[in-house]
Amino acid sequence: MVRLLKDESLVAQWQKFFEEYCKSDIETVALEYPEKRSLYVDYWKIDEADSRLAELLLNQPYKAIFNAEEALKNIDVASENSLKLHFRVVNLPDTSRILIRRIRANHLGKLMAVDGLVKKRTEVRPKLLVGAFQCQKCGAIIRVEQDEDILKEPSECFEDQGGCGRVSSFKLLTSLSEFIDSQKIEIQENPEGLRGGAQPERISVYLEDDLVGEIAPGDRVIVNGILHSMQRRRGTYRLTAFDKTMDAISVESQELAFEEVEVTSEDEKEILRVSKDPDLYKKMKESIAPTIYGMDVEKEALVLQLFGGLAKEMPDGTRIRGDIHTLLVGDPGTAKSQILTYMSKLAPRSVYASGKASSAAGLTAAAVRDEFGEGQWTLEAGALVLADMGIACIDEIDKMDENDRSALHQAMEQQEISVAKAGINATLKSRCALLAAANPKLGRFDEFLPLHEQINMPPALLSRFDLIFSILDKPDRERDTDLATHILLTHKAGEVSENLDRSKKSKYKMKDKEELMKIVQPTFTPEFLRKYVAYAKRNIFPVMTDEALRIIREYYVNFRSSSEEAITFTPRQLEAFVRLAEASARIRLSEEVTADDANRAIHIIDQYLKRVGLDRETGRIDIDIIATGISRSQHDRMRLIMDIIQRLCNESKDGNAARGDIIQEAEIEGLESGKVEEALDRLKRNGQIYEPVHGKYKITEY
Ligand code: ADP
Ligand code: MG
């Protein structure tokens with residue numbers, strides 16, 4: 001903080017204010033001094049008491065705050081220590097709030113509020129406040145207050161500090177100097193405030209003393225502080241261009257999700273009315289990406305994802321996530337990216353990113369060493385951390401890098417990301433729902449191959465999604481006609497609209513446009529839907545009825561027992577049912593999860609399992625296909641063949657099993673030769689067997 005000359009009359013004004021309005025607050029802080037050493041004051045309290053002081057605070061903040069802190073030293077409180085408090089203002093007026101991208105030269109030196117996401121933070125490091133310098137000629141110790149970033153040495157050995165008065169060289173004595181904690185963070189604009197694909201702008205913020213160490217990447221904050229410029233350097237040259245930075249005065253956190261969305265009492269009335277609509281679910285579904293044809297189940301799932309289930313804290317400290325993770329896999333050009341973009345704009349809080357990391361932090365988080373940290377390590381948040389309490393839309397998730405791949409397990413299930421590298425040891429929160437899209441490795445989706453072989457993602461990761469939808473683009477005369485009609489009419493509606501607005505001799509009327517726009521008109525506008533979602537997530541916490549519980553339990557148990565010894569569902573899927581059913585109840589603003597909600601969850605999961613979990617050979621749904629990549633029947637067959645190979649190896653003279661013999665033996669056990677060859681190939685690919693001589697196999701010993 002810049003140190004200035006004391007202005008006695010200003011100090012007196014502040015003193016009067018503090019004594020009249022803040023006495024009890026100061027006494028509260030004094031009780032915990034020096035652990036607590038900041039007095040927080042609401043801007044409006046100052047404005048009400050003395051509007052000139054408030055104005056000075058906004059326009060000449062350094063001067064106002066310096067003198068206010070001087071005044072605080074004069075306040076009498078019952079405390080054995082003499083207090084040295086920071087004066088921190090919060091809740092600045094809207095006129096002082098500014099978007100990072102709108103900061104201009106005339107804002108410099110003013111007290112402003114910027115809000116955004118914490119993208120990076122450096123470690124906390126000591127910063128020199130008062131340097132103690134020893135004169136190399138006479139040995140006197142000269143103290144110099146440091147108020148800039150560049151070290152300020154004494155210009156001479158000051159006589160008023162007992163020095164020799166000569167120009168000398170000095171040595172900095174750190175043990176006698178005074179330091180203050182400091183930290184640098186980077187704030188990025190909130191993604192919701194951005195239009196289209198605009199890149200978020202950023203600003204560096206300096207925190208000092210008791211403000212440090214409290215903020216983690218991914219936090220949403222309002223920083224109240226003084227904007228100023230910092231000279232750029234190129235090597236040792238100082239340039240005339242400056243960077244904008246901010247000295248923080250106070251930091252307010254915006255922890256509560258959805259508080260950005262304002263719901264008025266009028267909105268509330270409308271929301272309550274709509275919630276009783278018998279066609280509510282259909283209308284909700286129709287309000288999701290209306291330009292995209294079909295995808296009924298997907299859209300229904302997306303509505304449920306938007307509302308989400310309930311996150312639960314258990315007495316033993318475990319947390320069960322309520323967020324629903326969804327994956328769309330499918331052929332190119334099936335509007336996956338389009339859906340993701342749409343959802344990221346619709347959701348009250350969201351981040352859109354591509355798996356091909358655009359920053360070092362990628363999808364999760366990273367410790368990086370870059371210019372920002374000025375030689376030190378910085379902790380940087382990736383997309384899933386930035387989307388905390390919202391939805392992370394990740395396109396082409398199959399292209400993510402190795403670091404993310406391993407961190408994603410924890411991020412999806414525990415909703416935390418741990419970073420332990422280079423002395424940085426941090427756990428960041430990623431309490432978000434993940435909506436991901438992936439393209440098949442081979443360009444097109446093959447229904448007959450297990451999922452994990454087609455997309456570049458391990459089965460363990462796939463099993464963490466509550467829902468996986470495969471979107472196929474198979475020629476089908478009827479569907480193609482409808483889809484083409486829909487897309488062409490969408491374009492035509494757009495053309496008419498443009499023509500009407502821009503062409504001088506348009507032959508179209510407003511009602512032509514309205515007629516055509518009907519097919520792409522969402523039932524609920526995105527603004528309304530956003531409010532609805534925010535309202536439901538804030539107020540509705542439904543509880544499972546006995547009937548819903550029974551329905552889900554029976555479905556689960558029946559499913560597992562219907563398929564003999566095969567393990568079809570795992571408890572993880574059971575949790576997916578619960579989350580979906582809760583979300584379904586929330587949509588109706590219901591306090592209860594009813595039988596209908598349970599059945600809706602079952603219906604959706606059923607649809608997804610039929611598409612990606614179906615064992616083609618037995619016609620049964622088999623969750624093993626998703627979890628391990630092979631079905632139970634394939635697994636059993638491979639086991640049998642391994643046994644045969646083992647036996648043949650033991651019996652033969654050279655210790656190998658010949659291909660022909662294996663097939664023959666397997667046929668006796670009732671397996672077709674084609675299936676056996678397929679299994680042999682797979683076993684070899686997996687490294688479970690190898691081929692020492694052409695046409696002969698051996699089991700790999702570990
Ligand atoms: P993907 O990401 O699946 O490869 P895109 O989202 O890039 O596909 O979609 C390609 C284009 O095709 C988009 O302009 C999209 O609007 C259009 N499209 C694909 N499927 C549909 C559909 N079902 N309804 C409307 N438009 C579609
Ligand atoms: Mg795409």
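Which residues are the closest to ligand 1? I began with that question and looked up the shell, meaning residues with a heavy atom within 4 Å of the ligand. Ligand 1 is surrounded by 13 residues, and the closest are Y293, G333, K336, S337 and Q338.

Before going on, I noted the ground rules. This is a predicted model, in which local features need pLDDT of at least 70 and side-chain atom pairs count only at pLDDT 80 or more, while totals for chains, interfaces and linings use all residues. Residues are numbered from 1 along each chain as its sequence is written, chains are lettered from A and ligands numbered from 1 in the order in which they are written, and side-chain values use heavy atoms, with hydrogens and water left out.

**Entry on ligand 1**

I looked up polar contacts, which are pairs of N or O atoms within 3.5 Å; within protein, one must be able to donate a hydrogen and the other to accept it, and residues adjacent in sequence count only if both atoms are side-chain atoms. S337 has a polar side-chain atom 2.6 Å from an oxygen atom of ligand 1. For Q338, a backbone N or O atom is 2.9 Å from an oxygen atom of the ligand. A polar backbone atom of A335 is 3.2 Å from an oxygen atom of ligand 1.

I then noted the cover: on its own, ligand 1 has 570 Å² of accessible area, and the protein covers 71% of it. Such areas come from the Shrake-Rupley method with a 1.4 Å probe; for residues, only the protein chains shown count as cover.

Helix 9 (336-346) and helix 14 (477-502) are the elements that give two or more residues to the shell. Helix 9 gives the largest share, three residues. Helices (H or I, at least four residues) and strands (E, at least two) are DSSP runs, numbered from the N terminus.

I went back to A335, which sits in the loop between strand 13 (326-330) and helix 9. A335 is not a glycine, yet its phi is positive, about 70 degrees. Most residues other than glycine have a negative phi. With a relative accessibility of 26%, A335 is partly exposed; buried means under 20% relative accessible area, exposed over 50%, and partly exposed in between (1.4 Å probe, protein chains only).

N91 is not a glycine either, and has a positive phi of about 60 degrees. I found N91 in the loop between strand 2 (86-90) and strand 3 (111-122). Its relative accessible area is 32%, so N91 is partly exposed.

**Entry on helix 6**

Which residues of helix 6 are buried? In helix 6 (residues 265-274) they are D267, I271 and V274. Seen down the helix axis, these residues fall within an arc of 65 degrees, so they line one face of helix 6. The arc is taken from the directions from the helix axis to the C-beta atoms. On the face turned away from the buried side I found the exposed residues S265, E266, K269 and R273. The buried residues pack against helix 7 (280-286) and helix 16 (526-539), where contact means heavy atoms within 4.5 Å.

**Entry on S590**

Is S590 buried or exposed? S590 is buried, with a relative accessible area of 11%. I placed S590 in the loop between helix 18 (571-587) and strand 23 (592-593). Its side chain reaches the backbone oxygen of E592 at 2.6 Å. Apart from neighbours within four places in sequence, S590 is in contact with I540, P542 and A585.
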